[in-house]
Amino acid sequence: MDEIQVISPVDGSVVATVAERTPADVRATVAAARAAAPAWGEVPVADRAAILDRWAQAVLDAGDEIADSTSREMGMPRALARVTQVELVAAVLQNTAATARDFPWVQKHDGFEVHHVPAGVVAAITPWNFPVYQCATKLAPALAAGCAVVLKPSELAPTGPARFVELAIEAGVPAGVLGLVSGRGPTVGETLVTADGVDVVSFTGSVAVGSKVGALAGAAIRRVALELGGKSAAVVLDDVDLDEVIPRAVKAAFVNSGQACNAPTRLLYPRTAAARVEALAAATAAALRVGDPNDPATDLGPLVSTAQHARVRGFVDRAVAAGARPLGPSVDLTAPYCAPVVLADVERGAEVAQDEVFGPVLVLLPYDDDADAIALANDTDYGLSAEIWGADPARIAAVAAGLRAGQVKVNGVRTRTRPGAPFGGFGKSGVGRELGEWGLLEFCEVKAVLA
């Protein structure tokens, strides 16, 4: 059996090795899940929810271990890893348990009942950028709904997800109900998506890979949920205090070095405020510290790999060649470290304003009025997330109503404060929703009983 070395972007060292599972291994794990699924689906919802609650506590107890592995394997600042890969993960598990207890699994109508029943076996494929959290958003609702799951985490950051699965088993998930297969997407991932016995495919990753996953799942006539890319806009209205809002909006774009599908990497602002916005954005970016993720003073760790660094620099170089103006000093640390980049004078249709960079690159885009801001925010193929910064509730509501995005955050509200809010996108940002009752529904079939 081949092994994959896990390389830390922090210092280039080999920090772990994982097995490259064979197609036979994958099929055997799916078969075990298929055999275990019926009994798991018969377990009372309250008992399944209790397991999720125990799992949440186990995650909190193992918090240091999980945060350390995330920082080591993909470069996330440790403080951020503790919040997003431990505390938020526990909150998702707890919220899912509470939602499952209250969910109307049987709904009575005039002359018929609607039963929500487990969909069966789920193939879950997760990315490296928020490695444990992305597992939680799939595994928690699938297991709560009574499904069995086979997980394939990214080979770039596999040890946190592996520990997460171990904690689930220790919390009471029965053998076979939750399996893990390690390896690369083109081999292990594709085998998992197409394996006999899979009923639902849940994938988070790039549009290119998601398109292929969707085609494979469609050919097999199985349900698919895709959480893909984004080019999210932060709309700053003209009634806010720019000195207070712009630094917060800029920092949000650079969380996890911009390696987030919902990062608000397009900052939309009133054209009349251009000079002030540019100055504030440049100063905020320049003050962010890039370095060792274990240093509490670090704001941005390294990008996940030298290949990702090269991709990001390619976007920046092409943008500058096309006329974009970098704000502040031109700073580029040794790969895979990358200083935050703020670009002004970017055409609305430019590559860097339309395509997901997945790195610390923020594009400044002025608008003329609220209608223009809405049109500009919607002017991409994506529709995953958006942010609005404003003072007038009625005006904020009007702008929110016009945005084609699966999630709209107002005045800095973050996901970790709303773990039950549905997450997913319009357009090329994907199909389906995660979290809350909407996450449960992704893993249920609907049965109508007429009497």
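What follows is a set of exercises on helices, sheets, cavities and backbone details.

This is a predicted model, where local features need pLDDT of at least 70, side-chain atom pairs count only at pLDDT 80 or more, and totals for chains, interfaces and linings use all residues. Residues are numbered from 1 along each chain as its sequence is written, and side-chain values use heavy atoms, with hydrogens and water left out.

**Exercise 1. Work out how helices α2 and α5 are oriented to each other, and which residues make their contact.**

Step 1: find the helices. Helices are DSSP runs of H or I with at least four residues, strands are runs of E with at least two, and both are numbered from the N terminus. Here α2 covers residues 45–61 and α5 covers residues 131–144.

Step 2: get the geometry. The helices pack at an angle of about 155°, with their axes 9 Å apart. Axes are lines fitted to C-alpha atoms, for helices over the stretch in contact, and angles run from 0 to 180 degrees between N-to-C directions.

Step 3: name the orientation. Angles under 35 degrees count as roughly parallel, over 145 as roughly antiparallel, 65 to 115 as roughly perpendicular and the rest as oblique. So α2 and α5 are roughly antiparallel.

Step 4: list the contact (heavy atoms within 4.5 Å). From α2 come R48, L52 and W55, and from α5 come L139, A140, L143 and A144.

Step 5: sort them. Ala, Val, Leu, Ile, Met, Phe, Trp, Tyr, Cys and Pro count as nonpolar, Asp, Glu, Lys and Arg as charged, and the others, Gly among them, as polar. That gives six nonpolar, no polar and one charged.

**Exercise 2. Find out what lines the largest cavity.**

Step 1: On a 1 Å grid over the protein atoms alone, a cavity is a set of points where a 1.4 Å probe fits but cannot get out, and lining residues have an atom within 4 Å of a point.

Step 2: check the space. The largest cavity holds about 90 Å³; grid points are joined across faces, edges and corners, and a volume is the space filled by probe spheres set on the points.

Step 3: name the lining. There are 16 residues, and S202, A225, R433, E434 and E442 lie nearest the centre. The elements giving two or more residues are α5, β8 and β9.

Step 4: split by class. You get seven nonpolar, four polar and five charged residues.

**Exercise 3. Locate P336 and D345, and say what their backbones do.**

Step 1: recall the background. Most residues other than glycine have a negative phi, and most peptide bonds are trans.

Step 2: take P336, which is in the loop between β12 and β13. A cis peptide bond joins A335 to P336, with omega about 10°.

Step 3: take D345, in the loop between β13 and α12 (351–354). Phi of D345 is positive, near 55°, and D345 isn't a glycine.

Methods:
1 Å grid on protein atoms, 1.4 Å probe; cavity = no way out; pocket = protein on both sides within 12 Å on 5 of 7 lines; lining within 4 Å.
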